[in-house]
Amino acid sequence: MLKRIRREPLFHFLVVALLIFAAHDLLRRGADAPDKIVVSVAKIEQMATVFAKTWQRPPNKDELKGMIDDYVKEEILVRQALQLGLDRGDTVVRRRLRQKMEFLSAADSAPLTATDPELEAYLAANPSAFTTSATLAFEQVFLNPSRHGDTIAKDAEALLAELRTNDTADPALLGDTSLLPATVELTNRAAIDQMFGGALADGLETVPIGKWTGPIASSFGLHLVRVTERTPGQVQQLAGIRDEVTREWENARRTELERQRFGALLAHYEISIEAPTAAGESR
């Protein structure tokens with residue numbers, strides 16, 4: 001009789017049904033099992049260290065418990081948010097993840113040590129970054145626009161003629177009074193810019209030495225000038241700027257390593273950029 005029952009299709013159906021229900025029950029139990037959250041000793045020590053740095057004392061028992069409870073709450077909420085996909089398309093989250101990846105990459109490349117030949121080569125390849133500023137010495141006669149009005153160009157021309165033809169004329173006594181210096185000793189470009197504005201420094205770069213010329217406009221007015229000395233910028237020797245060259249070499253090396261690492265990551269991806277159509281739509 002048992003053999004006959006085994007041959008019945010209904011028996012086979014019941015066996016298959018029992019197997020399906022058993023499998024479903026096992027899967028459901030697994031799905032309902034809570035995720036495991038481990039607050040490790042290292043994590044607790046990290047929280048205590050951060051607290052101590054902030055408050056200049058170690059946390060007490062209640063404070064430490066509060067930090068652990070807050071960490072568990074945060075971990076649960078973050079996991080729930082990830083399950084709901086709330087991280088997708090969030091610019092702030094994406095930017096933060098990128099920053100963390102870049103930070104990890106920078107930390108890996110932190111121990112950089114340059115040799116003297118490497119620093120010399122970097123200095124030779126980037127002379128403009130380590131060149132001292134050019135300096136200028138000059139005299140100037142100032143014309144105030146508010147005092148000359150529409151005749152300022154004509155007045156400047158007449159004054160320039162006097163300076164060129166009258167060797168006894170004292171430039172300090174000509175022109176309009178102002179707080180601007182009549183004579184400027186050897187001074188670099190940045191300092192001249194601060195005193196007179198960039199336009200005057202630009203003009204001084206091209207005028208001949210020892211000859212009254214102008215007028216050159218500044219942010220204050222017009223100036224008749226005579227450059228008395230001009231020294232070009234010079235590339236400094238490594239011995240005098242070793243720290244600066246080392247810092248720039250490290251920055252350049254770190255940037256190059258980051259570029260190489262990103263290139264290695266990029267090689268694992270196939271990038272497809274769709275051409276935009278009208279009104280910012282893509283196809």
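A strand here is a DSSP run of E residues, at least two long, and strands are numbered from the N terminus. With that in hand, let's look at a few spots in this predicted model.

Gln 140 is found in strand S1, which covers residues 135-143. Is Gln 140 buried or exposed? Its relative accessible area is 4%, so Gln 140 is buried, the cut-off being under 20%. The side chain of Gln 140 has a partner too: a polar contact of 2.8 Å joins it to the side chain of His 223. Beyond its neighbours within four places in sequence, Gln 140 is in contact with several residues, including Leu 180, Phe 196, Trp 212 and Val 225.

Now to a pair of helices. Helix H3 (residues 41-55) packs against helix H4 (residues 61-83) at an angle of about 120°, and their axes are 10 Å apart. H3 and H4 are therefore oblique to each other, and H3 passes H4 in a right-handed crossing.

Sorted by class, the contact of H3 with H4 holds eight nonpolar, two charged and no polar residues.

The loop between H3 and H4 deserves a look as well, and Gln 56 lies there. Phi of Gln 56 is near 60°, a positive value in a residue other than glycine. Most residues other than glycine have a negative phi. Gln 56 has 67% relative accessibility, so this residue counts as exposed.

Methods. Residues are numbered from 1 along each chain as its sequence is written. This is a predicted model: local features need pLDDT of at least 70, side-chain atom pairs count only at pLDDT 80 or more; totals for chains, interfaces and linings use all residues. Side-chain values use heavy atoms; hydrogens and water are left out. Helices (H or I, at least four residues) and strands (E, at least two) are DSSP runs, numbered from the N terminus. Buried means under 20% relative accessible area, exposed over 50%, partly exposed in between (1.4 Å probe, protein chains only). A polar contact is a pair of N or O atoms within 3.5 Å; within protein, one must be able to donate a hydrogen and the other to accept it, and residues adjacent in sequence count only if both atoms are side-chain atoms. Contact means heavy atoms within 4.5 Å. Axes are lines fitted to C-alpha atoms, for helices over the stretch in contact, and angles run from 0 to 180 degrees between N-to-C directions. Angles under 35 degrees count as roughly parallel, over 145 as roughly antiparallel, 65 to 115 as roughly perpendicular and the rest as oblique. A crossing is left-handed if the near helix is turned anticlockwise from the far one by less than a right angle, and right-handed if clockwise. Ala, Val, Leu, Ile, Met, Phe, Trp, Tyr, Cys and Pro count as nonpolar, Asp, Glu, Lys and Arg as charged, and the others, Gly among them, as polar.
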